[in-house]
Amino acid sequence: MIEDLEEIAKEYKVIVRDLMKVYRRGQKEVIALRGMDFEVRPGEFLSIVGPSGSGKTTLLKLIGALDRPTGGSVLIDGFNITLLDDRKAMMYRRLKCGFVWQMGNLVPGLTALENVKLPMKLAGARKKPTELRAKALLENMGLGDRMNHKPHQLSGGENQRVAICVALANNPELLLADEITGELDSETTAMVMDELRRINKEFGTTVINVTHNPKVAEYADRVLRIRDGLIEGQKHTLYGDISEVDAKGRIVIPETIRRLAGIEKRVVLKVTDEGLLISPLKDESESGSQKQQHKEPD
Ligand SMILES: Nc1ncnc2c1ncn2[C@@H]1O[C@H](COP(=O)(O)OP(=O)(O)O)[C@@H](O)[C@H]1O
Ligand SMILES: [Mg+2]
């Protein structure tokens, strides 16, 4: 089945399709993303959780056009941003998409206020509104009395909050956050997350927030779990943990469930009144006869 992506794109802010990233280190290849598929609605607040090394940062970098995929696409408002040249990718990051990662991204020689003003200046905004907006952003993050401090005069948590203000400076439609509360105490974490949620609600900013912290993940409308470069599932308000069936019909069955159900390498699929029954294939010789049955006609 071929998807009509143009049609689907009308409904979603972000569409990730077949996204693959292979890193090469000398002779060694690391497959960080294995053909990932998912969508994010406009104004949605999405959390992404997953073990270390599962591909979260790689994914965010590709959505933020900070790196190029090995294959697949990222559509923002129906537009494939993986095909942008360097200059257009820079404009995309400057105007449409804000990015914050754990160890901030501030210019060391500039004060907090100057750091927040910088992206607006680069985008050609006028002086007065730039000043007002930068101050308002910093005040809302509880940094009203820290505006004229440089990064080295601020704590880790304060720098992190300044970095969030920098990412929000040009009022991006999409905010990407990578473990931004990792270094913050619980009180500051709650404050930062409340502020992100407020911005999401007030301006309709679409947020994708990568986190390790289950409490932080709960700020979202939806939590996606990823593992080994694929979507494993998500949390559902009614059903708890649910699995995703991706655009190619693939489903990742979590290891705990596989173990409980005795599922190993092959399964039998059976459609029942209740839905789909997935049971372990016990007798390997059966798999031979099944293969024969499914042989393509000559
Ligand atoms: N620049 C890189 N070069 C080589 N391998 C990388 C690079 N960046 C990430 N990886 C590898 O890709 C995988 C996914 O990494 P990453 O996206 O950082 O995961 P996460 O953010 O979930 O911890 C890991 O195995 C990591 O070692
Ligand atoms: Mg990471």
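Two strands count as paired if DSSP finds at least two bridges between them. The model I am reading is predicted.

Entry 1: I looked up strand 12 (residues 267-271) and its pairing with strand 13. The two run antiparallel and share five bridges. Across the pair, I found Val-267 of the chain standing opposite Pro-280 in strand 13. Four residues lie between the strands of this hairpin. I also checked Gly-275, which takes a positive phi near 145° in the hairpin.

**Entry 2: burial of strand 13.** I asked how many of the five residues of strand 13 (residues 276-280) are buried. A buried residue has 20 or more other C-beta atoms within 10 Å of its own. The number buried is zero, so strand 13 lies largely in the open.

**Entry 3: domains.** I noted the division of the protein chain: domain 1 covers 41-66 + 83-243, and domain 2 covers 255-293. I then looked up the spacing of their C-alpha centres, which is 42 Å.

**Entry 4: ligand 1.** I listed the residues around ligand 1: Tyr-23, Arg-25, Val-30, Ala-32, Gly-50, Ser-52, Gly-53, Ser-54, Gly-55, Lys-56, Thr-57 and Thr-58. The elements giving two or more residues to this shell are strand 1 (14-25), strand 2 (28-40) and helix 2 (56-63). Which element gives the largest share of the shell? I found that helix 2 does, with three residues. By class, I recorded seven polar, three nonpolar and two charged residues in the shell.

Conventions:
Residues numbered from 1 in each chain as written. Chains lettered and ligands numbered in written order. Predicted model: local features only at pLDDT ≥ 70, side-chain atom pairs only at ≥ 80, totals over all residues. Near = placed C-beta within 6 Å. Nonpolar A, V, L, I, M, F, W, Y, C, P; charged D, E, K, R; others polar. Domains from an automatic or database assignment. Buried ≥ 20, exposed ≤ 12 C-beta atoms within 10 Å, placed from the backbone.
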